[in-house]
Every structure is written in C-alpha cells, then in structure tokens.
Amino acid sequence: MANVQMPAQNLPAGRGDNAFVAGLRRILRDPFSVAALVIYVLLVLVAIFADQLMTHDPTQIQFRANGRVATNQPVSEAFLLGTTNLGRDIYSQLIAGSRNALMVGVTAAISVAALGTLVGLLSGYFGGRIDAFLMRLADVALAIPFLPFVIVLSGFFRANTWNVVIAVALLLWPNTARVIRSQVLTVKERAYVEAARVTGASDLRILFVHVAPNILPLTFLYGSVAIGWAILTEAAVSFVGFGDPSRISWGFMLQDAFVSQALSRGSWNWFLPPGLCIILVVIAGFFLARGAEEVLFPKLRS
Amino acid sequence: MGFALRRLAHSLFVLWAVVTILFLMFRLMPGNPLAAYINEQLSEDDQRLIMAQFGLNRPLYEQYVIYLWNLLQGNLGMSFFRREPVWDVLKSALPNTLILTITGLVIAYIFGILTGAWLATKRGTLAEAVIVPAALATRAAPEFWIGMILLTIFAFTFGWFPSGGANSAGAAYTSEWDRILSRDYVLHLVLPALTLALYLQGLPLLLMRSTMLEILHDEFITMAKIKGLSPWRITIHHAARNALLPVVTAFALGLGATLGGNVVVETVFSWPGLGRLLVAAVAQSDYPLAQGAFFLISLVLIILNLIVDLVYGWLDPRVSHG
Amino acid sequence: MEPPVLDVRNLSIEYRTSRGIVRAVDGVSFSVPKGAIVGLVGESGCGKTTVARSITGVLHQSARIAGGELVFKGKDLVAAPEKEWLEKRWRDISFIPQSAMNSLDPVYRIGAQLEEVLVHRGGRTRAEARSRSSELFDMVGLNPARLDEYPHQFSGGMRQRVAIALALALDPGLVIADEPVTALDVIVQRQILDVIRDLQRKLSLSMILVTHDISVVAYVSDKVVVMYAGRVVETGSTADVLERPRHPYMMGLTNAFPDLDTAAHDLVPIDGSPPDLASPPSGCRFAPRCPFLLPRCETDDPASAALGEGRSVACHRAPEADDLRARAKESATWLPA
C-alpha cells in the first residue's frame with residue numbers, strides 16, 4: 001500500500017519546567033498529599049517539642065490531691081486524657097510515643113527503601129544469575145510470615161526497637177525491589193545509557209550517575225508506605241509483649257491498656273487516642289504515596 | 001497442567017528455603033545449638049531421646065538432613081514447657097487457626113470485591129466520599145486495635161458475644177467436628193473473624209474499585225457498549241472479571257504481611273490458634289514449640305499462596321495458556 | 001434509486017474540555033448509499049472518528065450531539081429515545097474497531113465472545129450460535145477450530161478478522177470500520193482490506209470506512225467523504241475525487257500521488273496545521289494553509305455546494321477548480337508564502 005498519510009495535527013508545545021519542581025507543585029495541589037505533609041510536619045514538631053508539650057512525666061505515677069494514686073482518672077484539666085490504671089498520665093504518654101513512632105517509621109522506611117532500591121538496581125541492571133538469585137530471594141522473603149518472624153526475632157534476641165526495623169527491612173524489601181527492577185529495565189534501554197556505555201563508562205558509574213536518578217522518586221514513594229508498615233509492626237510487636245520496655249510507644253500504650261482490663265472498664269480515653277494517632281500517621285503515608293504515584297505515573301485521560 | 005506443576009515446584013522450593021532458614025535461625029539464636037531442642041525442663045530420658053532423634057552431637061550438615069527427615073515424618077521435637085511432642089500441641093491449635101483465617105479471608109474478600117465493584121459505579125457520590133476514607137482508615141489501623149474496639153463494644157458493653165477463647169469453659173463435645181460446628185464455637189468465632197475481616201477488606205475494596213475505574217475506560221468495555229450488551233453484563237461479566245486479576249495478585253503478595261496478623265487477633269481474643277501458641281512459646285523460651293508453630297504458620301501461608309497462584313492461572317488465560 | 005441506508009444531516013458534536021466547549025464536528029452532512037463503501041477520510045483531529053462513533057450511539061463521556069440528524073433507514077436516531085438506539089446496536093449498526101487486541105476481552109475465549117453477541121443480542125440458542133460462529137470464521141478466512149482460543153493467541157491480522165466476523169454476526173444493515181487496518185503492517189493491511197472488499201460485495205454490505213490513509217480509500221471505497229477541521233470539504237465517487245479533486249485541500253494531498261497505480265512521489269506537505277477548534281476561525285477553516293486564498297475566504301465560511309450525482313465541495317473558488325488543479329500540480333504553488 002503506498003502509504004500516503006494525511007499529516008497529523010500539531011500538538012501544542014508543553015511548558016518546559018524543571019521536572020522536579022513541576023512534580024512538587026503537582027503534589028502540593030492534591031489536598032490529600034497536603035494533608036499528609038501537614039500530619040508529618042505535626043509529628044516532627046510534636047516529637048521535637050515533646051518535652052515542652054508533655055504535662056507530666058509519662059512514666060511517673062501521679063497522685064491526687066488526697067494523696068491516693070490517680071488510677072483510671074477520667075479526662076480532666078489536670079490529666080488531659082485521664083490516667084492509666086497505675087496512675088500515669090495518658091496524654092503525656094501519647095506525646096512521648098510520637099518520638100518512637102517517628103524514629104521507627106523513618107529508620108525502617110529508609111532501610112526498606114535503601115535495601116529494596118539496591119536489590120532492584122543490581123537485579124535490573126546486571127540481570128542474569130544475579131537477577132535470578134535475587135528474585136528467588138524475594139519470593140522466599142515474601143513467604144515468611146511477617147509478624148511471627150518479628151516476634152521470634154524480638155523474643156530471642158533482646159526486645160529492641162531495632163529488631164523491628166531490621167525485620168521490616170529484611171521482609172518488606174521485595175515489593176520495592178520488584179518495582180525498581182522493572183523501572184531499571186526500562187531505563188537501561190534508553191539512549192543515554194547506551195551512549196555512556198559506548199564512551200567506556202564503568203558499570204558502577206552508569207548505575208549511579210545515570211540510572212539511579214530515575215529511580216529515586218520511586219524509592220521515595222515506597223519509603224513513604226514503609227513508614228506506615230513499620231509503625232504498625234512495632235505496635236503489634238509491643239502489643240504481644242515483645243516491645244522495647246525502655247521506650248514508651250503507642251503500641252506499648254495499647255498493650256498496657258489491654259492487659260490492664262481497660263476494655264472491660266470501657267476506658268476509651270486510654271486505648272482510643274494511641275490507635276487514632278497510629279491511623280493518622282499511617283494514612284499520611286498512604287496519601288503521600290498516592291500523591292507521589294500520581295506524579296510519577298500520571299494516568300493519561302483524554 | 002504445566003502451569004500447575006510449575007507453581008507446585010516453585011512452592012516446594014520456597015518451602016525448602018523457609019525450612020532451611022528456620023533451621024539456621026533457631027540454631028544460631030540461643031547460642032548453644034543444643035538449646036534449640038534440649039532443656040533441663042525435659043526428663044533425662046526425653047533429653048537422650050531427642051539427642052538421638054535429632055543427632056544433636058553430629059556435625060551441623062548431618063543435623064540438617066536429620067532435621068528435614070524428621071520434619072517429613074512430623075517429628076518436631078518435644079515442647080520444653082508442656083513436655084509433649086510439639087506436633088501434638090500444634091495439632092489441636094491448627095484447626096482453630098485455619099478456621100479463623102479462612103473465615104476472615106472469605107468474608108473480607110467477598111465483601112471487599114463486591115463493594116469495590118459497586119463503588120466504582122458510584123463515582124462522585126456520598127457513598128464514595130464516606131466509604132473510601134473509611135476503608136483507608138481500616139488499612140491504617142492496627143489490627144488488634146480494631147479487635148479491641150469490637151471487643152469493648154460487642155462483648156463488654158452489649159454482651160452479645162463472649163470476650164475470649166474458642167469454647168466456653170466446661171463444655172464437652174463428642175468429636176472435633178461437633179465442637180467446631182457448635183453454636184458456642186461459632187459465637188466465639190464471630191468477633192475475631194470479624195476483626196480479621198475488617199482489617200483485610202480494605203485492600204480488595206480499594207483495589208477492586210480503582211482497577212474497575214481504569215478498566216471502565218478500556219476499549220473492550222467501550223466495544224461491549226457498542227455491541228449493546230446490558231450494563232449488568234458489562235460491569236460484572238467483563239469489567240469486574242478483569243478487575244479481579246490485580247486483586248488476586250495483591251492478595252498473594254500481601255499474604256505474608258497480613259496473615260501474620262493472625263497472631264495479634266488470636267492474642268486479643270485469646271483464640272487458641274497457632275499464633276497465640278507461638279507468642280506463648282517465645283515468651284517461655286520454649287524453642288521447639290516456637291519453631292514448630294512458626295513452621296506450621298509458614299506452611300499454611302505457602303499452601304495458601306499456591307492456591308492463590310493456581311486461582312490466578314485459572315482466571316487469567318494469558319498466564320496459563322501460552 | 002433506493003434511499004440511502006444512512007443520511008447524516010447537519011450533524012454537530014461538542015466536547016466539554018478544560019478549555020471550554022469544542023465543536024469537533026460542525027454541520028457535517030453526507031449519505032451512505034445502500035450496498036456501498038463510503039470512505040470517510042481526514043487527518044487526526046478532523047472529527048471523522050467522532051462522526052463514526054456517534055452513529056453507534058456510544059460517544060465519549062464528555063461528548064454530546066449538539067444538533068443535526070442521523071437518519072438510519074428513514075428514522076432519525078438523534079431525536080429517537082435511547083432505547084431505540086440500543087435496539088439497533090449491533091443488530092443494525094455494527095462497528096469494527098482500530099485495534100482488535102484492545103477491543104476483545106482478554107479473559108474469554110473468542111468463540112464465547114462471538115456467541116455472546118449471537119445469544120444476547122441475536123436471540124439465538126447456544127447451538128445455533130455455535131454453528132453461526134463457525135460460519136463467520138469461514139467467511140473471514142479463519143479456521144473454526146480456533147474458536148476455543150484466547151485473543152492473545154491470535155496475531156494482529158487474525159484478530160482484525162475476528163473483529164470483522166463479530167461485526168457481521170447479526171447481519172447488520174450498516175457496518176462502521178474505524179481505521180480497521182491502521183494498526184497492521186502493510187502486507188497484512190492488503191489482506192484484511194481484501195477480506196473486507198470481498199465480503200462487502202458478497203453480502204452487499206453498506207459500510208463507512210474511516211481512515212487517514214488515502215490509499216486505503218482508493219483501494220476499497222466507492223464513495224469518498226473528505227473532512228477537515230470538523231467539516232466536510234468534498235464528497236464524490238472515489239475515482240472522481242481522487243483524479244479530479246475540487247477542493248484545494250484534496251488537491252494538495254493527491255499531489256502526493258497523481259496516479260493511483262504508481263508508487264508514492266515525494267510528498268509535498270501542505271504547510272501549517274489545522275485550526276484549534278476551541279476557537280474556530282470566522283472564515284474558511286482551510287484559509288491559513290490555502291495557496292488559492294481570496295480575501296473573502298477569510299471572512300466567509302463556504303457552504304457545501306452540491307454539484308450533482310453525489311458530488312459536492314465547500315470552496316468559494318469551486319467553479320475554477322480545473323485551473324486550480326493544474327496549478328496545484330506544481331510544487332512551487334505549495335511553498336510557504
């Protein structure tokens with residue numbers, strides 16, 4: 001067929017913006033992402049100014065005016081969220097917990113993102129045996145029951161926040177790695193990578209100078225989701241009694257409430273706030289990830 | 001057929017890998033390699049028996065082979081605390097975990113998939129504005145916290161359901177089947193299963209909805225409309241059927257992370273399953289029992305994964321038919 | 001003379017976009033004679049696909065018919081209730097999409113998808129549907145044994161044959177093919193067009209074939225309708241329009257191959273691009289690119305003038321067409337001013 005085609009209509013030229021700035025601007029236009037950022041900022045501020053925000057020492061037993069221990073006090077001016085059954089101020093514990101949440105969340109997120117990205121990069125770039133081995137490893141990691149593993153780790157080693165972080169990193173990297181890997185596979189075929197190879201750049205150089213920058217946004221995306229998982233895991237581990245006893249965390253508060261029969265007593269002021277705080281921080285991670293995803297993989301709608 | 005066999009081979013490989021990791025984990029941890037199986041709590045006779053059965057004075061690689069062989073025969077060692085074979089202890093807990101897990105999963109996924117598909121047709125309505133954030137909140141909430149709330153409301157405040165355990169104390173049954181199917185058991189099952197379901201439904205709901213929304217823009221859906229097929233047929237027979245695929249994939253990927261949560265639900269409701277057994281075993285440093293419980297939980301997970309893989313192959317002909 | 005199967009009268013279709021309301025189709029009129037293939041030709045964005053889709057009654061979410069009539073077998077569909085249009089879908093008016101891969105449901109067997117229309121729209125029984133499916137496969141040159149396979153197991157050309165089989169399943173009065181061979185490679189294109197042409201002759205089908213490729217139109221269609229920027233600029237029998245174009249746009253395009261049988265010459269591209277339909281120009285839409293521009297072309301929008309025997313053209317200088325055509329053959333005419 002003599003392929004004589006009608007000329008296509010010219011498309012309007014796009015605005016040549018710096019991609020990063022444009023992406024940031026788009027994220028800020030999404031109300032959910034903004035909400036997420038607000039929550040994170042609040043969390044950081046509360047954690048930094050925890051000492052000033054707390055009304056009492058969270059571990060100290062409080063007493064009432066009549067000299068008795070202030071057990072199970074309801075919400076009042078003195079105790080903003082009431083007290084535990086041992087007379088500790090719930091509100092102050094909640095504030096103290098933010099520190100733990102931030103620390104666990106951030107370190108775990110960084111670990112998962114780092115490990116997942118590293119594996120994804122190596123797997124995608126070098127392919128072959130390395131790829132096959134790493135992907136099998138991913139399958140095995142996904143087959144290990146998550147919480148039981150963390151519990152065993154915490155139980156047999158010392159009960160330590162770092163165990164949670166390590167466990168989260170060890171078992172949650174596959175999802176990140178898989179996505180990074182497929183992205184690397186796409187980037188690998190691009191012209192500038194070929195050009196770099198032709199000019200004799202070493203593999204490592206290509207990997208870190210050319211491929212990595214295209215991958216980092218994805219890393220960030222999966223990192224934000226990992227924050228939520230880490231906090232939830234730490235809470236669960238604390239709940240079953242293997243949490244770090246030297247730290248107050250929201251998970252610890254919930255465990256404390258549970259074993260102290262706060263449920264049968266209906267002490268909502270005790271076990272509702274920590275759960276709500278966890279929900280807020282985790283959902284912020286979801287929203288941020290969703291917002292970042294919209295920017296990274298915009299769905300083309302006509 | 002080839003597809004099923006490939007998936008089975010893959011599962012066996014993963015099982016072997018997990019079992020090996022388990023072996024290393026428990027040998028490396030307590031410091032003394034014998035401590036994984038022997039303890040002063042066991043009688044002298046039992047100690048010698050285990051020593052022989054597991055070849056604990058042999059080199060590590062021999063122990064490994066013996067360990068695998070024992071595993072195949074169901075010999076998981078002797079529980080320090082209960083002084084019975086680990087398998088016997090696990091045997092009674094296994095059905096409880098299976099029933100809880102499967103009940104929770106079925107409720108969650110049927111509800112999630114149907115609601116997600118329905119919600120996709122309700123773009124921009126109040127239902128969407130309420131249900132989507134609510135589903136997100138259930139995904140962001142700690143599983144045990146959901147359980148705690150349900151427990152407080154329905155067991156303590158309203159008193160409709162028992163607050164823990166799988167059977168009321170003092171009840172006697174003629175057989176396992178009778179016990180499981182009794183009204184008493186079901187009443188005890190409701191809250192923990194509901195907790196698990198509430199926790200799990202967020203994923204299928206949100207994923208089904210977002211996949212449907214995308215698929216409804218796909219060309220084959222437009223073609224279906226041009227063919228004049230009924231809206232019902234288009235939404236369910238074509239769109240939903242295709243939307244199921246990513247949901248099944250996500251389910252498989254999330255199994256390890258979400259079902260491990262059985263552990264906390266069983267703790268909240270004192271449900272006598274493998275999770276609760278594991279927690280107790282770890283707390284008591286009962287290594288053989290902990291190892292056995294962990295192994296069984298992993299096995300259940302791997303089998304579930306295999307089933308999901310096969311289901312996916314059945315649903316997506318592009319995977320099972322060359 | 002039999003009445004036409006389809007009479008499109010002054011059809012207008014609007015899209016709601018972020019830039020406001022865009023009239024993608026503005027007063028389009030043409031007719032489809034019974035038993036003929038009408039080639040609807042134009043470049044991307046001229047509105048031809050929108051016109052084609054509007055006949056099926058399934059438009060994009062943001063589009064709506066703003067005016068005009070679609071008279072199918074004597075009955076206007078635009079004015080009729082949706083129910084009537086629904087009735088006609090596939091039974092009377094069917095559609096061959098551009099890319100059959102994306103238009104077939106990937107999780108069901110091909111046979112099942114054929115049976116679906118036969119049973120649910122055609123009222124056949126399972127058994128009747130089964131035998132009719134085999135018949136259809138034979139018609140398009142596919143082996144009926146392959147009815148049990150899945151879409152991904154077919155090649156591109158075969159899938160287009162499936163699309164044709166699907167479109168013919170219920171013996172429709174009108175078949176609309178939207179770029180049916182664009183996604184295929186050149187050799188397969190020829191084969192599929194042959195299938196279409198043969199079937200059309202055998203079954204006396206009435207067809208609208210939408211394409212941007214003039215050679216496709218030259219190969220199969222009896223009549224040509226040329227669209228530009230949402231308007232019809234020229235209609236007529238294929239031979240006449242291609243050998244003796246009367247609209248400058250068509251002249252510019254046929255310049256590329258003055259002779260139907262010879263290979264493509266150097267393309268002399270028409271300088272410029274179509275107007276933005278969000279704010280259409282006041283005069284002739286082709287004015288900015290027309291080498292034969294007169295002052296009134298920029299202020300007066302030429303209406304389509306009928307020239308007898310189904311021939312029409314929308315150009316102020318239509319009477320001088322023969323002279324213009326001669327000048328159009330020189331590449332100097334088309335160089336930007």
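Two exercises on a predicted model follow, each with a worked solution. Local features need pLDDT of at least 70, side-chain atom pairs count only at pLDDT 80 or more, and totals for chains, interfaces and linings use all residues. Residues are numbered from 1 along each chain as its sequence is written, and chains are lettered from A in the order in which they are written.

**Exercise 1.** Determine which residues of helix α7 of chain C are buried, and what they pack against.

Solution. 
1. Helices (H or I, at least four residues) and strands (E, at least two) are DSSP runs, numbered from the N terminus. α7(C) covers residues 186–203.
2. Count the other C-beta atoms, placed from the backbone, within 10 Å of each residue's own: 20 or more is buried, 12 or fewer exposed, in between partly exposed. Q189(C), I192(C), L193(C), V195(C), I196(C), L199(C) and Q200(C) are buried.
3. With contact meaning C-beta atoms within 7 Å, the buried residues pack against β3, α5, α6, β8 and α8 of chain C.

**Exercise 2.** Find the strand order and the edges of the eight-stranded sheet in chain C.

Solution. 
1. Strands pair if DSSP finds at least two bridges between them. The order in this open, mixed sheet is β6-β7-β8-β3-β9-β10-β12-β11.
2. β6 (93–96) and β11 (305–308) of chain C each pair on one side only, as edge strands.
3. β10(C) and β12(C) pair in the antiparallel sense over two bridges; E234(C) has V313(C) as its bridge partner.

Definitions and conventions: Expected span 1.5 Å × (residues − 1). Contact = placed C-beta atoms within 7 Å.
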